[in-house]
Amino acid sequence: MIATESISLPVGALRSLHHIALNVKDMQASRHFYGEILGLHELAGTEIPSSLTELVEQGQVANFRIPDGTILDLFAEPDLSPPSPDPTQQFTRANHLAFDIAPDLFDLAVRVLHAHNVKIDGEPVTRSTGSGIYCYDPDGFIVEIRCNASC
């Protein structure tokens with residue numbers, strides 16, 4: 001990527017990891033593992049973001065809160081297969097990595113991505129839980145920069 005403009009986010013602008021999203025082949029087995037075995041709190045009722053309520057009800061998404069407040073989202077992908085049938089070969093089923101940013105820095109983040117010709121997946125999105133923009137890191141992994149609803 002060749003930068004067309006010399007701007008960047010200030011160090012510390014990305015305040016925390018907001019959530020981790022994983023694609024899972026067997027939703028029930030994954031819910032059992034993260035909820036029952038690892039003891040993470042599964043979001044229910046009004047804890048579920050309104051933008052995900054329908055998908056949770058359909059069994060397509062499950063959300064867990066890690067004690068530090070980070071959210072783990074599970075996305076059902078029943079046809080998911082690893083790149084290799086050998087389970088000792090490393091691969092990822094991660095969907096995307098989401099960073100939280102202060103609302104007043106969100107527009108700057110969008111400008112920085114554009115200025116550095118970072119490949120962006122669509123336009124910024126606004127949901128009841130906040131706004132976000134999805135882009136790709138150099139290896140093609142999806143990264144989201146998002147802020148709470150006040151942005």
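Reader: Which residues line the second largest pocket?
Author: L9, L14, F99, A109, V112, L113, H116, V118, C135, V143 and I145 line it. A pocket here is an open set of points on a 1 Å grid where a 1.4 Å probe fits, with protein on both sides within 12 Å along at least five of seven lines, and lining residues have an atom within 4 Å of a point. The model is predicted, with pLDDT of at least 70 needed for local features and 80 or more for side-chain atom pairs, while totals for chains, interfaces and linings use all residues. Residues are numbered from 1 along each chain, and side-chain values use heavy atoms, without hydrogens or water.

Reader: Which element gives the most to that lining?
Author: α3, with 3 residues. The elements giving two or more are α3 (106-115) and β8. Helices are DSSP runs of H or I with at least four residues, strands runs of E with at least two.

Reader: OK, the largest pocket. Which residues lie nearest its centre?
Author: H18, H19, P49, D73 and T129, out of 26 lining residues.

Reader: And which elements give two or more residues there?
Author: β1 (14-24), β4 (71-76), β5 (94-101), β7 (130-136) and β8 (142-148).

Reader: Different topic. Where does S131 lie?
Author: In strand β7.

Reader: Buried or exposed?
Author: S131 counts as buried because its relative accessible area is 8%, and the cut-off for buried is under 20% with a 1.4 Å probe.

Reader: What does its side chain contact?
Author: The side chain of T126, through a polar contact of 3.2 Å (a donor and acceptor pair of N or O atoms within 3.5 Å).

How values were computed. Buried means under 20% relative accessible area, exposed over 50%, partly exposed in between (1.4 Å probe, protein chains only).
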